[in-house]
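Please keep the sequence and the structure in view while reading.

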Amino acid sequence: TVRRAILVAVMLGLLIPALIVGGVGGRYFYAESLRERADEALSQYGEVLALGLQEPLWSFNPVAANKLIEAVMRSPDVYKVEVRDATLGTFVASEKAERRTNLSFHTVRPIVQDGRRLGTVRIEISDALVVQSVRSRLVTLAVSLAAQILIGFALITLVLERRLVRPLQRVGAESMRLAEGELDEPIRPLS
């Protein structure tokens, strides 16, 4: 029927572009958000550790350095921190390998005191918390896209039903009446 064809055309006209744009946009959003959130977390951890490890590295106090590293390692996304002295190599390190996932992010920050480079701190985080955060935002976007499609479909269907389908059905009924020979009643104009 005409109604079914119009409804299918409207639904496909809304769905196909939404799925294409949503799919491409979703992938781009996912990749960008993942990198952005990972960079944000690494920046925070890097700043805290680079500043907090100045004194322990300067005074060669691995106990104090380990306390700071343990505090950062309490975060479930941090799985490795390594502090390297500029001349002696590894100063302190901590790793929780069970937290490592498929994708990981890292940063290396210099530890500087009074303009002199004492060493570096390397922080590695897993993507678990970052992915969880980004996925929840993607779900929210997908739900809002679905709601927009449904509301758009309902509104367009309502308008088409009232302005196109009903008048076509009425014209069809009038032409059937005329075809059957009922000529005694005039055709009423659509209002």
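Asp 114 lies in the loop between β3 (104-113) and β4 (116-126); helices (H or I, at least four residues) and strands (E, at least two) are DSSP runs, numbered from the N terminus. Its phi is positive, about 55°, although Asp 114 is not a glycine. Asp 114 is exposed, with a relative accessible area of 77%. Buried means under 20% relative accessible area, exposed over 50%, and partly exposed in between, with a 1.4 Å probe and protein chains only.

The model is predicted: local features need pLDDT of at least 70, side-chain atom pairs count only at pLDDT 80 or more, and totals for chains, interfaces and linings use all residues. Residues are numbered from 1 along each chain as its sequence is written, and side-chain values use heavy atoms, with hydrogens and water left out.

A positive phi is also found at Phe 60, near 50°, again in a residue other than glycine. Phe 60 sits in the loop between α2 and α3. At 49% relative accessibility, Phe 60 counts as partly exposed.

Helix α3 covers residues 62-73, and its end C-alpha atoms are 16 Å apart, which agrees with the 16 Å that its 12 residues should span at 1.5 Å a residue. The expected span of a helix is 1.5 Å times one less than its number of residues.

Which residues of α3 are buried? They are Ala 65, Ile 69, Val 72 and Met 73. These residues cover an arc of only 95° around the axis, which puts them on the same side of α3; the arc is that of the directions from the helix axis to the C-beta atoms. An α-helix has 3.6 residues a turn, so residues three or four places apart point the same way. The face of α3 turned away from its buried side carries the exposed residues Val 63 and Lys 67.

The buried residues of α3 pack against α1 (2-52), α2 (54-58), β1 (78-85) and β2 (89-95). Contact here means heavy atoms within 4.5 Å.

Take α1 as a partner. The axes of α1 and α3 are 10 Å apart and meet at an angle of about 170°. That makes α1 roughly antiparallel to α3. On the α1 side the contact is made by Tyr 45, Val 48, Leu 49 and Gly 52, and on the α3 side by Leu 68, Ile 69 and Val 72. By class, the residues of this contact divide into 6 nonpolar, 1 polar and no charged. The axes are lines fitted to C-alpha atoms, for helices over the stretch in contact, with angles from 0 to 180 degrees between N-to-C directions. Angles under 35 degrees count as roughly parallel, over 145 as roughly antiparallel, 65 to 115 as roughly perpendicular and the rest as oblique. Ala, Val, Leu, Ile, Met, Phe, Trp, Tyr, Cys and Pro count as nonpolar, Asp, Glu, Lys and Arg as charged, and the others, Gly among them, as polar.

Pro 56 belongs to helix α2 and, at 8% relative accessibility, counts as buried. Beyond its neighbours within four places in sequence, Pro 56 is in contact with Asn 61, Ala 64, Ala 65 and Phe 91.

Lys 80, in strand β1, counts as partly exposed at 22% relative accessibility. Not counting residues up to four places away in sequence, Lys 80 touches Met 73, Ser 94, Glu 95, Arg 122, Ile 123 and Glu 124.
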